[in-house]
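Hello,

Here is the structure you were waiting for. Please open it first, then read my notes below.

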Amino acid sequence: MSPFTGHRRPVSIATAAYPADLLTRARGMVVVTGQNKVSGDPDDAMSSSDAEDDFQEPATPTATQAGQALPLLPQQFPEVVPLNVGGMYFTTRLSTLRRYEDTMLAAMFSGRHYIPTDAEGRYFIDRDGTYFGDILNFLRSGDLPPRERVRSVYKEAQYYSIGPLLDNLEDIQPLKGEKVRQAFLGLMPYYKDHLERIIEIAKLRAMQRKARFAKLKVCVFKEEMPITPYECPHFNSLRFERSESETKLFEHHCEVDVSFGPWEAVADVYDLLHCIVTDLSDRGITVDHQCIGVCDKHLINHYYCKRPIYEFKITWW
């Protein structure tokens, strides 16, 4: 068999039968096929050591490397699965975890992924297990959590991508009401940014003054155009037919820290104030507010601004 076929074998030929100079010349030759010629140039030749390197077999993994390798897939799971979710123990059927195939749990326990186990052989999920029991109860029998846990379970359902549970939770309070509220707040795309501005201004003022609380002025107005000194809308509609030049005469920014408005909806100023206070409170911020008057900026002729101004008091401790 030709030595260039790629198969390694022990060389047992009695090399003594061949002259030494002939063997030296043979090592410097390269055999090629096709239109290429045989080259005897030592610079173009492949050394015997290079040829051996090209045909080296893969190294066998050491015992240490083999011990560190993950188990071969697919992973097999028992019918009754013991779980350790962030240090909390649960036991359920494998079919329960696989009930909805498009969920993270179904994918995790499909056998396509490796799930580590703890010292007691429980399959470990690195997630807070406080509300995992509510997740299992829904997968088992469709049970929903009590109202006070709905928001927290909703976040867990998002993490585990359990679409049916998300749909059910969105149809009950408080999430159902939240959808309606967000539809209103969607009219003000700047709403979240303005909330952050309120918090930032209040924090800076309290730090500068070394005070427990800070006050700031917030304007909340629904009307699109300013109103007369009699505080009655000049027109019944929120839309005013005015030329571009006339509209510029009414452009005005009240001297406040943050301003919300205008918007077109049934919800009024008090509804938006409730949203602002609720969202700040949900972030652990203590807030009080009261109306301290209106903006009396004179604009043109008999028109004044008359937008309501509220004082917000943010208490930090």
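A residue counts as buried when its relative accessible area is under 20%. By that cut-off F184 is buried, and W263 is buried too. Keep in mind that this is a predicted model.

**Confidence**

The chain has a mean pLDDT of 79. Of its residues, 66% reach 70 or more. Two stretches need care. Residues 1-67 have pLDDT below 50. That stretch has 26 contacts in the model beyond near neighbours in sequence. Residues 229-240 also stay under 50. For them the model has 20 contacts beyond four places in sequence. Where pLDDT is low, the predicted coordinates should not be read in detail.

**Aromatic pairs**

Ring pairs are described by the distance of the centres and the angle of the planes. The count comes to 10 aromatic pairs. Take F132 and Y160 as one of them: the ring centres are 5.6 Å apart and the planes stand at 65°. Planes over 60 degrees apart count as edge-to-face, so this pair is edge-to-face.

Where do F132 and Y160 lie? F132 is in helix α6, residues 132-141. Y160 is in the loop between α7 (150-159) and α8 (163-170). The pair therefore ties together parts that are 28 residues apart in sequence. F132 is buried, with a relative accessible area of 1%. Y160 is buried as well, at 1% relative accessibility.

Now back to F184 and W263. Their ring centres are 5.9 Å apart and their planes are at 75°, so this pair is edge-to-face. F184 belongs to helix α9 (residues 175-185). W263 sits in the loop between β5 (258-260) and α12 (269-282). Because of those positions, the pair ties together parts 79 residues apart in sequence.

There is also a cluster: ring pairs link F90, F132, Y159 and Y160. R127 is over the face of Y159, at 3.8 Å from the ring centre. R122 is over the face of Y89, at 4.5 Å from the ring centre.

**The sheet and its helices**

Look next at the open sheet. Its 4 strands come in the order β5-β4-β9-β6, with mixed pairing. Which strands stand at the edges? They are β5 and β6 (286-294). Each has a single partner strand, so one side of each is left without a neighbour in the sheet. From one strand to the next, the twist averages 30°.

β6 and β9 (residues 308-315) run antiparallel and are joined by 8 bridges. Across this pairing, D288 stands opposite K313 in β9.

Two helices meet these strands. Helix α10 (residues 191-209) lies across β4 (213-220), β5 and β9. It runs at about 150° to β4. Helix α12 packs on the sheet and touches β4, β5, β6 and β9. The direction of α12 makes about 15° with that of β9.

**One more residue**

Y154 is found in helix α7. Is Y154 buried or exposed? At 16% relative accessibility, Y154 counts as buried. Beyond four places in sequence, Y154 touches L166, L169, E170 and L175. L175 is 21 residues from Y154 along the chain, and their C-alpha atoms are separated by 9.0 Å.

Best wishes

Key:
Residues are numbered from 1 along each chain as its sequence is written. This is a predicted model: local features need pLDDT of at least 70, side-chain atom pairs count only at pLDDT 80 or more; totals for chains, interfaces and linings use all residues. Side-chain values use heavy atoms; hydrogens and water are left out. Rings of Phe, Tyr and Trp (its six-membered ring) pair if their centres lie within 6.5 Å; planes under 30 degrees apart count as stacked, over 60 as edge-to-face and the rest as tilted. Buried means under 20% relative accessible area, exposed over 50%, partly exposed in between (1.4 Å probe, protein chains only). A charge sits over a ring if NZ of Lys or CZ of Arg is within 6 Å of the ring centre and within 35 degrees of the ring normal. pLDDT is the predictor's confidence in each residue, from 0 to 100. Contact means heavy atoms within 4.5 Å. Two strands pair if DSSP finds at least two bridges between them. Axes are lines fitted to C-alpha atoms, for helices over the stretch in contact, and angles run from 0 to 180 degrees between N-to-C directions.
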